[in-house]
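Please consider the following structure with its sequence at hand. The account is meant to be read alongside the coordinates.

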Amino acid sequence: MVHFTGEEKAAITDLWGKMNMEEAGGEALGRLLVFYPWTQRFFDSFGNLSSASAIMGNPKVKAHGKKVLTSFGEAMKNSDNLKGAFAKLSELHCDKLHGDPENFRLLGDVIVIVLATHSGREFTPDMQAAWQKLVSGVATALAHKYH
Amino acid sequence: MSLTRAERTIIVSMWSKISTQADLIGTETLERLFSCYPQAKTYFPHFDLHTGSAQLRAHGSRVVAAVGDAVKSIDNVTSALSKLSELHAYVLRVDPVNFKFLSHCLLVTLASHFPADFTADVHAAWDKFLSIVSGVLTEKYR
């Protein structure tokens, strides 16, 4: 189980609050699909993913990226019980979406890098460490109900 | 996995920016590594890993210098890092997962220092390049 200190929770929530969910989330998901093309296998219904510019401009990618990043902030409201918070989503990702949990970790790391790009020097090692904890906790929580 | 000509250009160009702050970038990369992935510290029981430590600075410089060597021989990274590859295989025996962690922390450091330059293309090229470097360093493991 992940445990966040008071400072970590505050730092995460503070940075998350400054981000544009669609811009940052969409960019992170877009980069995942571009850099690691095998991840596109889960997004057949998203339409045109035929090129980097198609992916980065794809409205469904942006919308889904927004949904993903928004859920991270929501997760902080239940940071002591991420597994509980993500239980339903975990079942969905296993039973309906058939997503390989390895991809959750990949996406988590891309999100961290995009956050660094958007916040520059504010993204200190301590800030990164807090976010790595979160993305890792979310990835584990999302994989928890897999069977 | 190999680099396209466009990727090589991007990598070399970004390196010229990095090299002006090489030591700082190297040190920060290691700070991030040890903060986010404490298991990496197990390879440095003999080091003072506190922020500002001379050993951290020296080792950070060394790591970034090696990356620089790989950039300068971008057409033959295997040859450029051959000695380091042997060192990691037979002496240091760092578990391969740690190269992923270190590469990730270097990318974050670059993104944080050069946000305007760290576009998707630059991110992609460097991600691929560091993956190749990591591959060379673990090539002789077994």
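Predicted model: local features only at pLDDT ≥ 70, side-chain atom pairs only at ≥ 80, totals over all residues.

The paragraphs below treat the interface between the chains, then salt bridges, helix packing and selected single residues.

Eleven residue pairs, both members at pLDDT 80 or more, are in polar contact between chain B and chain A.

How many salt bridges does the rule find across the interface of chain B and chain A? The count there is one salt bridge. B:Glu28 and A:Arg121 form a salt bridge in which the closest N and O atoms are 2.9 Å apart. Over all chains, the count by this rule comes to twelve salt bridges.

Side chains of opposite charge can pair when their charged atoms come close. A:Asp14 and A:Lys18 meet through their side chains in a salt bridge, at 3.7 Å from N to O. These two residues are separated by about one helical turn, because they stand four residues apart in helix α1 (residues 6-18) of chain A. A:Asp14 counts as partly exposed at 41% relative accessibility, whereas A:Lys18 is exposed, with a relative accessible area of 51%.

A:Lys18 also forms a salt bridge with A:Glu122, the closest N and O atoms being 2.7 Å apart. Which parts of chain A does this pair tie together? A:Glu122 belongs to the loop between α7 (102-119) and α8, while A:Lys18 belongs to helix α1, so the pair ties together parts that are 104 residues apart in sequence. A:Glu122 is partly exposed, its relative accessible area being 35%.

Another salt bridge of chain A joins A:Lys77 and A:Glu74, whose closest N and O atoms are 3.1 Å apart. A:Lys77 is exposed, with a relative accessible area of 62%, and A:Glu74 counts as partly exposed at 37% relative accessibility. Through shared partners, salt bridges join A:Asp14, A:Lys18 and A:Glu122 into one network.

The packing of helices within chain A provides a further view. Helix α6 (residues 87-96) and helix α8 (residues 125-143) of chain A pack at an angle of about 65 degrees, and their axes are 7 Å apart. From α6(A) the contact draws on A:Leu89, A:Ser90 and A:His93, and from α8(A) on A:Ala141, A:Leu142 and A:Ala143. By class, this contact of α6(A) with α8(A) has four nonpolar, two polar and no charged residues.

Is B:His59 buried or exposed? With a relative accessible area of 18%, B:His59 is buried, because buried means under 20%. B:His59 lies in helix α3 (residues 54-72) of chain B. Leaving aside residues up to four places away in sequence, B:His59 touches B:Leu30, B:Phe44 and B:Phe47. B:Val12, found in helix α1 (residues 5-18) of chain B, counts as partly exposed at 41% relative accessibility. The C-alpha atoms of B:Val12 and B:Gly60 are separated by 20 Å, and the two residues are 48 residues apart along the chain.

The backbone angle phi is the last topic. Most residues other than glycine have a negative phi. A:His98 has a positive phi, near 55 degrees, and is placed in the loop between α6 and α7 of chain A. A:His98 is exposed, with a relative accessible area of 52%. In chain B, B:Arg93 has a positive phi near 50 degrees and lies in the loop between α5 (82-92) and α6. B:Arg93 counts as exposed at 57% relative accessibility.

Methods. Residues numbered from 1 in each chain as written. Chains lettered and ligands numbered in written order. Heavy atoms only, no water. Buried < 20%, exposed > 50% of the residue type's maximum accessible area, 1.4 Å probe, protein only. Contact = heavy atoms within 4.5 Å. Axes fitted to C-alpha atoms, helices over the stretch in contact; angles between N-to-C directions. Nonpolar A, V, L, I, M, F, W, Y, C, P; charged D, E, K, R; others polar. Salt bridge = Lys/Arg side-chain N within 4 Å of Asp/Glu carboxyl O. Polar contact = N/O pair within 3.5 Å; in protein donor to acceptor, adjacent residues only side chain to side chain.
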